[in-house]
Amino acid sequence: EMRRSVQLLVGCGLLMAGEAAVMPSAAPALIPTIRTTMVGMKLRGGGEGEKKEIKRVLSHEDINTETHGEADTLDTRFFAKDAIEGEHRSLWHDLPLFESDPNTGTPSGSLNFVCEIPKWTRKKYELATKEALNPIKQDEKKGQLRSFKKGDIYFNYGCFPRTWEDPDYAHPDVKVGGDNDPLDVCEIGLRQIQTGKVRPVKVLGILCMIDEGEADWKVVAIDREDPWADKLKDIDDVQRLIPGLLEAIREWFRTYKIPDGKPANEFALGEQFMNRAYALGVVHETHRAWARLVQGTAEKEGLEATQVDSPAGEEAKAAGKKKFTMKRNLSVPALDALKQVEGSMLRDEAALAEAMAKAKVE
């Protein structure tokens, strides 16, 4: 009954979004938002003490956005809450990379896109990778909330869950390390997607920006249910059917820091948008980097010889994980919480391998 209620809410949201597409300034929120105060707030889930086991593969259809803190302040946070189990979830760690059928758990072939910044807006929202449960917050500098001085962004902007651009890994075609964040995504569909909303998308291509000496990949994707989705199968289709869009995306990223007094950004790979197969290769690389971050890090601290099935061994392993992740100042799942998502991690890997093979054939 609860799932049907959630599906009804999502369906209503889609109808509202269709009307809002021609009136961006009046676009409504697409998901229920619950506002509470930060004072006395108790979060549940995400490996934070009261973590209950996720009994199924988390679906984008089951996620509500719960807003904490006073609006438009440094305390504002957008948390993901599981509508079925009532637990708070991390949109970075708990949500699978690949969207799955909520009833069977079978991957659909689409990837889960977490929207941070809706198109036609300028507040610089981002996933809080350094905070427990990784809520979305507005970026700040010297105590001031940040917005794009360049103006409104032209596309829905966010990231893929369970990806990480490793600063210690230099892509062979780029020769510089990653930016220590989840993999960025530019969703080019007609709908405005609200902050914290998760949508299944199709990957079309990728651009590599070099930001202050770090690789900052930008995946181009489109909502699976967008009217253009069936017509756009690869990056060349975007260039052919929507001329000027890719150039607009590249120029946005080239120039958006100039109003802040910074130089224009540069790009690798001859400033070219690479195709779907190449993009999925980068997704695969960053997904494996995320897995190393949250799963294999303790062993890299020289704890392989430790008896991890003993209380002392578990304590040493946890200490090693904390030491590793603190180098990057990130919040990752506790070891016991990680065990609950390992099954869906394997499904992500299988779905990604299948998508890569299909992209190469096409």
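This is a predicted model: local features need pLDDT of at least 70, side-chain atom pairs count only at pLDDT 80 or more; totals for chains, interfaces and linings use all residues.
A cavity, on a 1 Å grid over the protein atoms alone, is a set of points where a 1.4 Å probe fits but cannot get out. A volume is the space filled by probe spheres set on the points, which are joined across faces, edges and corners.

Residues are numbered from 1 along each chain as its sequence is written, and side-chain values use heavy atoms, leaving out hydrogens and water.

**Whole chain**

Start with the protein chain in cartoon view, where there are 8 helices and 15 strands. These are DSSP runs numbered from the N terminus: helices are H or I with at least four residues, strands are E with at least two. Of the 362 residues, 52% are buried, where buried means under 20% relative accessible area with a 1.4 Å probe, protein chains only.

**Aromatic cluster**

Next, select Phe148, Tyr154, Phe155, Tyr157, Trp252, Phe253 and Tyr256, which ring pairs link into a cluster. Rings of Phe, Tyr and Trp (its six-membered ring) pair if their centres lie within 6.5 Å; planes under 30 degrees apart count as stacked, over 60 as edge-to-face and the rest as tilted. The model has 10 aromatic pairs by this rule. One of them is the tilted pair of Phe155 and Phe253, with 5.7 Å centre to centre and 40° between the planes. Phe155 belongs to the loop between β10 (144-145) and β11 (156-159), and Phe253 to helix α3 (residues 245-255), so the pair links parts of the chain 98 residues apart. Phe155 counts as buried at 2% relative accessibility, and Phe253 is buried with a relative accessible area of 2%. Now pick Trp252 and Tyr256: their ring centres are 6.2 Å apart and their planes at 5°, so this pair is stacked. Trp252 and Tyr256 are buried.

**Ile193**

Go to Ile193, in the loop between β12 (184-187) and β13 (198-211). Is Ile193 buried or exposed? Ile193 is buried, at 0% relative accessible area.

The whole structure holds 2 cavities of 30 Å³ or more. The second largest cavity has a volume of about 80 Å³. To find this cavity, select Glu165, Asp166, Tyr169, Gly178 and Glu285, the nearest to its centre among 13 lining residues; a lining residue has an atom within 4 Å of a point. Helix α4 gives the largest share of the lining, 4 residues.

For the last stop, select Lys124, Glu126, Asp139, Asp179 and Asp181, which lie nearest the centre of the largest pocket among its 33 lining residues. A pocket is an open set of points with protein on both sides within 12 Å along at least five of seven lines. The largest pocket has a volume of about 870 Å³. Elements that each supply at least two lining residues include β6 (107-117), β7 (125-127), β14 and α3.

Key
Buried means under 20% relative accessible area, exposed over 50%, partly exposed in between (1.4 Å probe, protein chains only).
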